[in-house]
Amino acid sequence: MDEQFLFHFESTNQRAASARKKLEANRLGRAILAAHEDDPELALAIYFFTPSVIPRMGAIIRKATDEIIATSRTRRWTLDQCNDQEKGYLGVNIENIVRDEYQLNEGSVGMDFDVRGVDVDCKWSRNFGGWQIPPEAVGHICLLVHGDDVTGEMAVGLLRVREEILVGGNRDLKRTIQSPGGMSEISWLVRRGDARLPENFLMSLRKQDRDAILAPRSGDARALELFKRCEGMVIHRHTIVSIGQQVDEARRFRGETRSKLLEEGFEVLNGHWKSNRARAWELGEVELTDGSQWVCLRTDGSSPARRAALDPARKAESLAYRKVFSQQIAAERRAKKRARKAAKAAAAQESASLVAPDNDAEYAKRAVAQAESAAVDRGQQLFN
């Protein structure tokens, strides 16, 4: 028997035995192992990532995306305003944030993570099912992460990659997972449709409010506009940070900003404090649950009525943007698919664009502007 093969076989068995031993130490581990008896390493990875997976992975995707959008420096508010190079870095950014969040080292054989002795690679795709699997990941476990600001969906799964479930191939020899066969082998930690991605708050606003919030140069001034224009809406910490206001570090936010708003008849309340939670309920029947949540309410108690009057147009504009943008991207994807087929039939594939529409920065930026304009028209129809 080949010596190298024998060593690989023995080391694989040793890793499997080690994974099995770690799982058998508690009830949850034993339950997961029972469902994946033939692959203890996969079971161990599932066991590791399962606890609080929705809030943790949702926060990771949100943070990684916001860092690429870089609203505080660029005044952008959606990933589709970024260029292709920036979008391409999102997967690396998610990998880095996962490593930091879970305190993971790099894998021992070139994979991204060492999960309790199991090598796991991290793959991101904004398009569900579009994960690009490199040749070196075959035989290993991949953490598959998906999220889309426009649809608000997210999904997280683990897969032992096999040659038989991979199809296609690009210039880098990366392939996608066969559907439905390969996709059916994914062990889902968060199924598509079971959880919502933490909201891109700026995308949920009317254009006139979004523009007013992003217009000032300073984070303080943006925070003032954010709270005044979004009175009665629960605002999460990540939104405040994304516009350039450092909540935890800035004394001005806790002091000057809130004092200025109080002078104008607004109270800024945070869910960390019991008195603030009670006051939020008293002024607007707003339920705050933790310190990551903020709300701005008028001291005279009129915010609920004002919010009720403003929300129909806001929601209509936000939904219209998401719908029109998604339709434009889908139409462009179909057009490019037809162009590829036609080029292939004519033996001139080189002349056809192989870039997916949501990875084509210039097209995506035009689609954002067109969808935003259509959304504004829809909001005005309801509001005026």
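Q: In which sense do strand β4 and β7 pair, and over how many bridges?
A: In this predicted model, strand β4 covers residues 153-160. Within β7, Val-190 is the bridge partner of Val-156. The pairing of β4 with β7 is antiparallel, and the number of bridges is three.

Q: Which strands stand at the edges of the sheet, and why is one side of each left without a neighbour?
A: The open sheet has five strands in the order β1-β2-β3-β4-β7, with mixed pairing. Each edge strand has a single partner strand, so one side of it is left without a neighbour in the sheet. The edge strands are β1 (113-115) and β7 (187-190).

Q: What angle does the direction of helix α3 make with that of β4?
A: From one strand to the next, the twist of the sheet averages 30 degrees. Helix α3, residues 40-49, packs on this sheet and touches β1, β2, β3, β4 and β7. Its direction and that of β4 make an angle of about 150 degrees.

Q: Which strands does helix α6 touch?
A: Helix α6 comprises residues 84-101 and packs on the sheet. Its direction makes about 140 degrees with that of β2. The strands touched by α6 are β1, β2 and β3.

Q: Which elements give two or more residues to the lining of the largest cavity?
A: The model has three cavities of 30 Å³ or more, and the largest holds about 90 Å³ of space. Its lining has 13 residues; Asp-66, Asn-200, Phe-201, Leu-202 and Ser-242 lie nearest the centre. By class, the lining has four nonpolar, five polar and four charged residues. The elements that give two or more residues to this lining are α4 (53-69) and α9 (237-242).

How values were computed. Residues numbered from 1 in each chain as written. Predicted model: local features only at pLDDT ≥ 70, side-chain atom pairs only at ≥ 80, totals over all residues. Heavy atoms only, no water. Pairing = 2+ DSSP bridges. Helix = DSSP H or I, 4+ residues; strand = E, 2+ residues; numbered from the N terminus. Axes fitted to C-alpha atoms, helices over the stretch in contact; angles between N-to-C directions. Contact = heavy atoms within 4.5 Å. 1 Å grid on protein atoms, 1.4 Å probe; cavity = no way out; pocket = protein on both sides within 12 Å on 5 of 7 lines; lining within 4 Å. Points joined across faces, edges and corners; volume = space filled by probe spheres on them. Nonpolar A, V, L, I, M, F, W, Y, C, P; charged D, E, K, R; others polar.
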